[in-house]
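Here are my notes on the model you sent. They are in numbered points, to be read beside the structure.

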Amino acid sequence: MPHRPIYVEITIAASMDRVWQLTQDPELHTRWDLRFSSIVPSDRLPSGAQRFRYERRMPGHTISGTGVSIGERVRPDGTRTSALRFTTTDRLSPLRDGRGYWRYEPTDRGIRFITGYDYQPGWGRAADLIVRPVIGWMTAWSFDALRLWAEHDIDPRRHRPWAFWRRDRPRASRCGREPRRRNAMDASPATLDTLEAP
């Protein structure tokens, strides 16, 4: 049975510019996103896309890879998007080649921040039955950490995923996990299909 792309959405009661800043600045991004320890931009491509190198520090090993992303700040419908492709040759990484997007949609309650992404499993499809839900949970937890930062200025660095006793902790359960369309990738921007290889 084919795997399902990961989908997460949350509504953030903050301005578009605030959410854009916290998600598009690599240094700020790594403060709320459990999936990355560092993101270092490199060269800018003629298309406007940005190459970068990423790391995720694990006990005893640091997973590293490369990626390319491009953002659209001006769209006729008032939304913004960001498209991404990434890859790694690290044999210990559970994620290999992948692609995804962020979508920023203005609503009466704030910004609906959405992601959809998919990847080739690094440890095989059987292991991915466990890995994929964990990656999905990490994404949702991170989105709520972002919301707390944008809405209440609660620094994500004070949060720990295992601190279940804290009342102000991020919770993955605050996020939507079911795509509004048949497939999570159906809402991806056109820039994802034209994005250069990482």
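Is Asp153 buried or exposed? Point 1 takes this up.

1. **Asp153.** This is a predicted model. In it Asp153 is exposed, because its relative accessible area is 58%, and exposed means over 50%. The residue sits in the loop between H3 and helix H4 (191-194). Its phi is positive, about 60 degrees, although Asp153 is not a glycine. Most residues other than glycine have a negative phi. Check the backbone here when you look at the end of the helix: Asp153 follows H3.

2. **Helix H3.** Does the length of H3 fit its number of residues, or does it disagree? H3 has 28 residues, and at 1.5 Å a residue it should span 40 Å. The C-alpha atoms at its ends are 40 Å apart, so the two values agree. The helix still has a kink, of about 30 degrees, at Val131.

3. **The largest nonpolar core.** This core holds 36 residues. Those that touch the most other members are Ile12, Trp32, Tyr104, Phe113, Tyr119, Ile135 and Phe143. Several elements give two or more residues to the core, including strand S1 (6-12), helix H1 (16-24), strand S6 (95-107), strand S7 (110-121) and helix H3 (125-152). H3 supplies the largest share, 10 residues.

4. **Phe143.** What does Phe143 touch, leaving out residues up to four places away in sequence? Its contacts are Val8, Ile10, Trp32, Trp102, Phe113, Ile114, Thr115 and Cys175. Phe143 also belongs to one aromatic cluster with Trp20, Trp32, Trp102, Tyr104 and Phe113.

5. **Aromatic pairs.** The count of aromatic pairs comes to 10. In one of them, the ring centres of Trp20 and Tyr104 are 5.0 Å apart. Their planes stand at 50 degrees, so this pair is tilted. Trp20 is in helix H1 and Tyr104 in strand S6, so the pair ties together parts 84 residues apart in sequence. Both Trp20 and Tyr104 are buried. Tyr54 and Phe86 make an edge-to-face pair, with 6.5 Å from centre to centre and 90 degrees between the planes. Tyr54 lies in strand S3 and Phe86 in strand S5 (residues 80-87), so this pair ties together parts 32 residues apart in sequence. Tyr54 is buried, with a relative accessible area of 8%. Phe86 counts as buried too, at 11% relative accessibility.

6. **Arginines over rings.** Which ring does the charged end of Arg80 sit over? It is the ring of Trp20, with the charged end 5.3 Å from the ring centre. Arg132 lies over the face of Tyr119, at 4.1 Å from the ring centre.

7. **Glu9.** This residue is in strand S1. Why does Glu9 count as buried? Its relative accessibility is 11%, and buried means under 20%. Leaving out residues up to four places away in sequence, Glu9 touches Arg112, Phe113, Ile114, Cys175, Gly176 and Arg180. Gln120 is 111 residues from Glu9 in sequence. In space their C-alpha atoms are 22 Å apart.

Note on methods. Residues numbered from 1 in each chain as written. Predicted model: local features only at pLDDT ≥ 70, side-chain atom pairs only at ≥ 80, totals over all residues. Heavy atoms only, no water. Core = buried A, V, L, I, M, F, W, Y, C linked by side-chain atoms within 4.5 Å. Buried < 20%, exposed > 50% of the residue type's maximum accessible area, 1.4 Å probe, protein only. Helix = DSSP H or I, 4+ residues; strand = E, 2+ residues; numbered from the N terminus. Contact = heavy atoms within 4.5 Å. Expected span 1.5 Å × (residues − 1). Bend = angle between axes of the 7 residues up to and from the residue. Phe/Tyr/Trp six-rings, centres within 6.5 Å; stacked < 30°, edge-to-face > 60°. Lys NZ or Arg CZ within 6 Å of the ring centre and 35° of its normal.
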